[in-house]
Amino acid sequence: MKLEEQLLDRSKGVCELCGKQNGSMIYAVPPDTEATVDRSLFLCEICVSQLDKKATLDPNHWSFLKEVMWSEIPAVQVVAWRMLNRLKGESWAN
C-alpha cells in the first residue's frame, strides 16, 4: 500500500492534528525528510503553513493540542510537543 493510502486510512481523511476535513497533505516531520508512515502525518494546509513558519502563528488554531498530545501516533506526539513549546507564552499551553 502506498504511503498516501496508509496515511489516509490512518487519518480517515482528516488532518491528524486539527481534524479539518479538506486540503490535507502529507507532512514529513522534521528533521526527517524521508516520508514514511511512522515519520509522516496527514495535515491540513493551515497546520502545515504554521508548522513551517510560512504563515503567522495563530494560537487559537492550536487549542486542540491539549487533546491530540495524547495520541498514540508518535509523529503526532512530537509535533504537539514542539508546538506547545512554541506556544508556551499562551496560558492554555502551559
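Tutor: A residue is called buried under 20% relative accessible area, exposed over 50%, and partly exposed in between, with a 1.4 Å probe and protein chains only. The model is predicted, so local features need pLDDT of at least 70 and side-chain atom pairs count only at pLDDT 80 or more, whereas totals for chains, interfaces and linings use all residues. Residues are numbered from 1 along each chain as its sequence is written, and side-chain values use heavy atoms, with hydrogens and water left out.

The charged side chains come first in this account. Side chains of opposite charge can pair when their charged atoms come close. A salt bridge requires a side-chain nitrogen of Lys or Arg within 4 Å of a carboxyl oxygen of Asp or Glu. The structure holds 1 such bridge: it joins the side chains of Arg10 and Glu16, at 2.7 Å from N to O. With a relative accessibility of 12%, Glu16 counts as buried, while Arg10, at 25%, counts as partly exposed.

The aromatic side chains follow. A pair of aromatic rings is described by the distance of the centres and the angle of the planes. Rings of Phe, Tyr and Trp (its six-membered ring) pair if their centres lie within 6.5 Å; planes under 30 degrees apart are stacked, over 60 edge-to-face, and the rest tilted. The structure holds 1 aromatic pair. Its members are Trp62 and Phe64, whose ring centres are 5.3 Å apart and whose planes stand at 40°, so the pair is tilted. Trp62 is buried, at 0% relative accessible area, and Phe64 is likewise buried, at 12%.

The backbone remains. Most residues other than glycine have a negative phi, and most peptide bonds are trans. Helices (H or I, at least four residues) and strands (E, at least two) are DSSP runs numbered from the N terminus. Lys12, in the loop between helix 1 (3-11) and strand 1, has a positive phi near 60°. Its relative accessibility of 71% makes Lys12 exposed. Lys53, in the loop between helix 2 (45-51) and helix 3 (65-68), also has a positive phi, of about 60°, although it is not a glycine. Lys53 is exposed, at 62% relative accessible area. Finally, the peptide bond from Pro30 to Pro31 is cis, with omega near 10°; Pro31 belongs to the loop between strand 1 (24-28) and strand 2 (40-44).
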